[in-house]
Amino acid sequence: MASYFNRRFEENCALPKERDAYFESSVFLGAKALSQAEECEFTDCQIQGQESFIGAKSLYFGSSFLVGSANGSFRNAQDIKCEHGELNASSLFGEAEGIHIHDCALPRCDSSFLKARNVDIADSEIGEGKELFRESEGISINHSEVKGNGLFDSARKVVIKESLVYGDGGFKNCHDVEIHNSYIAGDNLFLGGENITLNHCQIKCDSSFHDVKTLCLIDCRIDGGEGLFTGCENIDAEIHSDLQSIVNPKSGKIECGKVAELICDSLEVEVIVHEE
């Protein structure tokens, strides 16, 4: 195994296709520094160049930092693991596959997981990103905080557990989403899509849950709740809070507290109100 300590790589394509190497306390300034690299490990390193690891495979990063200029660093990469670091760049993992992020901060990361596959995020904080997981598939988020608008636009197979999710327009046209024991806040959530399940969640929203096919809410609370369930089909909702308005769902059952305004023209909808 080649080892590099306290090195500064300024040129573009510094070590293309590098194999089985260890880097410690090193800085990468040039673009595509380790494009198509494989089986490499990085500790206490700083990456500044664009597309530094494009097409790379099997890389591990510990306590390392990607700064704002390192956009697109892992595009089309595979099997990337980052722990205890900060990834402060955009479009990081576009069309990448097999991404594992643990105990990391991603403070500025627009479109960072665009069309990515098999992403596992735990104990991390993702801040103010737009369309982070658009058209991605196989997303697992645990014990994390995620902020941004349009976060999961057209994503598939998303599982979120014990996390905080903030932003408008999240989960538009999503398929096969499970959210457990989490807090979700934003307007225009869950527009379109299919097979959406929220279990023991606190939701703060208005104008949400529109045109969803197969929607299940188990033991949830909704704060706000104006203009809900319009056009939704096959609803099974157990909501332990009052709602401002339900507007023309298509089919299913909704159990909730008081409803200030109920507009329902469909004979295939049952609304059960529990007034305490």
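Cys40 is buried, with a relative accessible area of 3%; here buried means under 20% relative accessible area, exposed means over 50%, and partly exposed lies in between, using a 1.4 Å probe and protein chains only. Before we go on, a word about the model: it is predicted, so local features need pLDDT of at least 70 and side-chain atom pairs count only at pLDDT 80 or more, while totals for chains, interfaces and linings use all residues. Residues are numbered from 1 along each chain as its sequence is written, and side-chain values use heavy atoms, with hydrogens and water left out.

A disulfide is a covalent bond between the sulfur atoms of two cysteines. Counting a disulfide as a pair of cysteine sulfur atoms within 2.5 Å, the structure holds zero of them. For Cys40, the nearest cysteine sulfur belongs to Cys45 and is 11 Å away, and Cys40 is in no disulfide. Cys264 is in no disulfide either, with its nearest cysteine sulfur, that of Cys256, 11 Å away. Cys264 is partly exposed, with a relative accessible area of 29%.

Glu24 is found in strand 3, which covers residues 19-24. Strands are DSSP runs of E of at least two residues, helices are runs of H or I of at least four, and both are numbered from the N terminus. With a relative accessibility of 25%, Glu24 counts as partly exposed.

What does Glu24 touch beyond its neighbours within four places in sequence? Its contacts (heavy atoms within 4.5 Å) are Tyr4, Phe5, Asn6, Thr43 and Cys45. Glu24 and Arg7 are 17 residues apart in sequence, and their C-alpha atoms are 8.1 Å apart in space. The side chains of Glu24 and Tyr22 are joined by a polar contact of 2.5 Å. A polar contact is a pair of N or O atoms within 3.5 Å; within protein, one must be able to donate a hydrogen and the other to accept it, and residues adjacent in sequence count only if both atoms are side-chain atoms.

Is Ser26 buried or exposed? Ser26 is buried, with a relative accessible area of 1%. Its side chain reaches the backbone oxygen of Glu24 at 3.1 Å.

## Salt bridges

How many salt bridges does the structure hold? There are 12, each being a side-chain nitrogen of Lys or Arg within 4 Å of a carboxyl oxygen of Asp or Glu. One of them joins the side chains of Glu10 and Arg8 at 2.8 Å, N to O, and Arg8 is exposed, with a relative accessible area of 53%. Another brings together the side chains of Lys32 and Glu51 at 3.8 Å, N to O. This pair links distant parts of the chain, 19 residues apart: Lys32 is in the loop between strand 4 (27-28) and strand 5 (38-43), and Glu51 is in the loop between strand 6 (46-47) and strand 7 (57-62). Lys32 is partly exposed at 35% relative accessible area, whereas Glu51 counts as buried at 19%.

Arg134 and Glu135 also meet through their side chains in a salt bridge of 3.1 Å, N to O. Arg134 counts as partly exposed at 23% relative accessibility, and Glu135 counts as partly exposed at 32%. Elsewhere, salt bridges that share partners join Lys32, Glu51 and Arg75 into one network.
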